[in-house]
Amino acid sequence: MNDTLNNSDAMSFGGGGFGGLGNFGKSNAKVYVKSTEGIKFDDVAGEDEAKENLTEIVSYLKNPAKYKEIGATMPKGILLVGPPGTGKTMLAKAVAGEADVPFFSMSGSEFVEMFVGMGASKVRDLFKQAKEKAPCIVFIDEIDAIGKKRDGGNLGGNDEREQTLNQLLTEMDGFEGNTGVMILAATNRPESLDPALTRPGRFDRRVPVELPDLKGREDILKVHAKKVKTSDAIDYNKVARMASGSSGAELANIVNEAALRAVRDGRKAVTQADLEESIEVVIAGYQKKNAIMTDHEKMVVSYHEIGHALVAAKQTNSAPVTKITIIPRTSGALGYTMQVDEGNHYLMTKEELENKIATLTGGRAAEEVVFGDVTTGASNDIEQATKIARQMIARFGMSDFDMVAFETVTNQYLGGDASLAASSDTQRKIDEEVVALVKKQHQKAINILNENKDKLHELAKFLYLNETITGEQFMEILNKKD
Ligand code: ADP
Ligand code: ZN
């Protein structure tokens, strides 16, 4: 009974791990392996930020004593967060490879199909071995399969998963931070994880592993093209451009598909045409859940994001931008995020809040200025802008209502719901003021963009072509005199 339950659960959580069915008969099989593949950071193309994040771990694994001496503790667990096929497993292996330590791995989905009690004992066994072999890496793929939130309502529940999860938590709490066992786990849905897993002392560090941008895709293609025979004149940049939105795994597959195509045609080397043809085959084959952005959408998103950044930069005369990207991000609700952060300090002036509203409207304003039409892409901006405007008026006394609070936060620690205490007439006036305030800032944003239209076009074009723009690149283009 429990078995069937577990198995169906494994299927719905399968992700890339078809283990759910294939391994069903061999529940007794070892779920961890010691890898000797020798993967290094250089084999993982792109993903520079993730690699940078992980170099500290490598240095720690090479010499745990150095950290012990000074009294620094390393996080025990690190969560690699990102879409499937972006190289999370590779990165974990590369950390082991760089540090030259053993690599143990198991997949979350393998546990849910086991008989009750098996998962927990496997986990115990795994950690016993790991502690003997420390320093080492323990890699848990698809951790969401065992670590998803426990919902009380689930009749019967999934005992196996819970026991496995509990054992994992026990193991993590049971060893000191400096034993040299480093646990890396991969997931593409961090929000579904049981909060017990992400508590301090457990998986308290997150490393985003995002889809590659144009340069990243080009590099990944080149890494994989080295493994096949290619003709001389291949324009990898063009292929990378055409494969917009692809993951590392898909790009690896594109190269392989191209090689197969060459063989079918009886040729000795992969050509440009082979690669281009393969893109469609691979991408159609994967049936992407999140459809790839069309060229026009990419253009609109580029203008939108630059709109935010340009309005922000012009108001503060500084580089507000860390990095902007039009590659769908794990964290972004709409698939892409503006990374303009004007800093939330303790005290914000009225002017700063107004500027913030203007910046939030900057994305939509750019769409209006350039395309004369608007999209749904600004919904989150609108929500945020409205919230700030309402707070300014009803809570911060930054309007003609003077220092009168209409809104009071009822439960500051539980979500911070605000309740409105105003006569219906005042409520109407507050609404009007909110609208007027946002309108004024929106108009300011439009004016800023109209006055800087050349820069808007130039910056948006750069972002469209490169898919990412750093703060320095942004300011360089902005300050360039032509
Ligand atoms: P994930 O664990 O994120 O699902 P994997 O690490 O298993 O992804 O990647 C699957 C395959 O895709 C790898 O074996 C490799 O061939 C290819 N791949 C993915 N990302 C990269 C990358 N950044 N550089 C080179 N190859 C990659
Ligand atoms: Zn926006």
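Does Tyr 67, at 13% relative accessibility, count as buried or exposed, and what places it there? Tyr 67 counts as buried at 13% relative accessibility, because buried means under 20% relative accessible area, exposed over 50%, and partly exposed in between, with a 1.4 Å probe and protein chains only.

The structure is a predicted model, in which local features need pLDDT of at least 70, side-chain atom pairs count only at pLDDT 80 or more, and totals for chains, interfaces and linings use all residues. Residues are numbered from 1 along each chain as its sequence is written, chains are lettered from A and ligands numbered from 1 in the order in which they are written, and side-chain values use heavy atoms, with hydrogens and water left out.

Rings of Phe, Tyr and Trp (its six-membered ring) pair if their centres lie within 6.5 Å; planes under 30 degrees apart count as stacked, over 60 as edge-to-face and the rest as tilted. The count comes to 4 aromatic pairs. One of them joins Tyr 60 and Tyr 67, whose ring centres are 5.2 Å apart with planes at 85 degrees, so this pair is edge-to-face. Tyr 60 is buried, at a relative accessible area of 0%. The rings of Phe 401 and Phe 406 are also edge-to-face, with centres 5.1 Å apart and planes at 80 degrees. Phe 401 is buried at 17% relative accessibility, and Phe 406 at 9%.

The zinc ion (ligand 2) is coordinated by His 304 (NE2), His 308 (NE2) and Asp 381 (OD), at 2.0 to 2.1 Å. Donors are N, O and S atoms within 2.8 Å of the metal (3.2 Å for Na, K and Ca); water is not among the atoms, so sites may look incomplete. His 308 lies in helix α15 (residues 295-316) and Asp 381 in helix α17 (residues 379-394), so the pair ties together parts that are 73 residues apart in sequence. Helices (H or I, at least four residues) and strands (E, at least two) are DSSP runs, numbered from the N terminus. His 308 is buried, with a relative accessible area of 1%, and Asp 381 is buried at 10%.

In strand β4 (residues 181-187), 7 of the 7 residues are buried, so the strand is largely enclosed by the rest of the structure. Two strands pair if DSSP finds at least two bridges between them. Strand β1 (residues 77-81) runs parallel to β4 and is joined to it by 5 bridges, with Leu 79 opposite Ala 185. Strand β3 (residues 136-141) also pairs with β4 in the parallel sense, over 5 bridges, and Val 138 stands opposite Ile 183.
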